[in-house]
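Biologist: Hi! I'm new to this one, could you walk me through it?

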Amino acid sequence: MNHDLMNPDTAPAEAPSARTSRPPVAITTAAAARRHVREFVVERWRSPAGPPSEQAMIDLILVVSELVTNAVRHGGGIAGFDVALTSEGVRLSVRDYSAAVPVGLHGPGVLPRVHEGSGYGWPLINRLSSEVDVERRASGGKTISVLVPLA
C-alpha cells in the first residue's frame with residue numbers, strides 16, 4: 001500500500017513548503033466524493049504537461065463514484081475516504097465495513113454479458129485504474145486502494 005494515502009496533500013511537482021493542510025472531509029455519498037476529488041485535483045495537480053485531460057478527469061470521477069457506491073451498497077457504508085496525488089495520477093482509498101472481497105478482484109475489466117442492473121462498477125474500476133489493491137483491516141472491513149492515471 002502506498003503510504004502517501006495518509007497524506008492527502010502530496011502533490012507530484014510541488015515543493016514541500018507549497019503544501020497546504022486541510023481538515024479531513026467527511027465523505028458519505030458518491031456526489032460528495034466526486035466534488036471533493038475534483039476540487040482536490042484542480043487545486044493541487046501540478047505537472048509540466050499541464051492540467052489533466054477532460055477524459056482523464058471523467059475516468060477519475062467515474063472510478064470515485066463506483067468505489068464509493070460499492071462501499072455504500074455492498075460494504076455496509078463508508079468507513080473512510082482518502083485521496084492523494086502521485087506523479088502518475090490520483091491514489092484513492094475507500095474503507096468500508098465488510099471484509100468481503102469483490103468478485104473478479106484483479107480481473108481484466110470485462111463487463112457482464114447480460115444487463116442485470118448491476119455488476120458494471122468493479123470491471124470499470126479494474127479497467128480504468130493502473131493499480132488495484134484490497135486489504136482486509138484487522139478491526140474489520142477492508143480498504144480498496146486504486147491508482148487512476150491522469151496522463
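Modeller: Happy to, and we can go from the overall layout to single residues.

Modeller: This is a predicted model, where local features need pLDDT of at least 70, side-chain atom pairs count only at pLDDT 80 or more, and totals for chains, interfaces and linings use all residues. Residues are numbered from 1 along each chain as its sequence is written, and side-chain values use heavy atoms, with hydrogens and water left out.

Biologist: Thanks! How many helices and strands does the protein have?

Modeller: There are three helices and four strands. Helices (H or I, at least four residues) and strands (E, at least two) are DSSP runs, numbered from the N terminus. Starting at the N terminus, the order is α-α-β-β-α-β-β.

Biologist: And what share of the residues counts as buried?

Modeller: Of the 151 residues, 44% are buried. Buried means under 20% relative accessible area, exposed over 50%, and partly exposed in between, with a 1.4 Å probe and protein chains only.

Biologist: How about the surface, what does the accessible area come to?

Modeller: About 8200 Å², and 55% of that belongs to carbon and sulfur atoms. Those areas come from the Shrake-Rupley method with a 1.4 Å probe, and for residues only the protein chains shown count as cover.

Biologist: Let's go inside. Which residues of the largest nonpolar core touch the most other members?

Modeller: Val37, Val41, Leu60, Phe81, Leu92 and Val146 do, out of 33 residues in that core. A nonpolar core is a set of buried Ala, Val, Leu, Ile, Met, Phe, Trp, Tyr and Cys residues joined through side-chain atoms within 4.5 Å.

Biologist: Which elements supply at least two residues of this core?

Modeller: The helices are α1 (30-44), α2 (54-74) and α3 (121-128), and the strands are β1 (78-85), β2 (89-96), β3 (131-136) and β4 (142-149). The most comes from α2, with nine residues.

Biologist: OK, strands next. How many bridges join β1 to β2?

Modeller: Seven, and the two strands run antiparallel. Two strands pair if DSSP finds at least two bridges between them. A hairpin of three residues joins β1 to β2, and one example of a bridge is leucine 85 with valine 90 of β2.

Biologist: What else does β2 pair with?

Modeller: Eight bridges join β2 to β4, again running antiparallel. There, glycine 89 has proline 149 of β4 as its bridge partner.

Biologist: Why is β2 largely enclosed?

Modeller: Seven of the eight residues of β2 are buried, so the rest of the structure largely encloses that strand.

Biologist: Changing topic: how many salt bridges are there?

Modeller: The structure holds four. A salt bridge is a side-chain nitrogen of Lys or Arg within 4 Å of a carboxyl oxygen of Asp or Glu. In general, side chains of opposite charge can pair when their charged atoms come close.

Biologist: Which residue does arginine 95 form a salt bridge with?

Modeller: Aspartate 82, with the closest N and O atoms 2.6 Å apart. Arginine 95 lies in strand β2 and aspartate 82 in strand β1, so the pair ties together parts that are 13 residues apart in sequence. At 22% relative accessibility arginine 95 is partly exposed, while aspartate 82, at 18%, counts as buried.

Biologist: And what about aspartate 96 and lysine 142?

Modeller: Their side chains meet in a salt bridge too, at 3.0 Å from N to O. This pair links distant parts of the chain, with aspartate 96 in strand β2 and lysine 142 in strand β4, 46 residues apart. Both aspartate 96 and lysine 142 are buried.

Biologist: Last one: is arginine 91 buried or exposed?

Modeller: Buried, at 8% relative accessibility. Arginine 91 sits in strand β2, and a polar contact of 2.7 Å joins its side chain to that of glutamate 131. A polar contact is a pair of N or O atoms within 3.5 Å; within protein, one must be able to donate a hydrogen and the other to accept it, and residues adjacent in sequence count only if both atoms are side-chain atoms.
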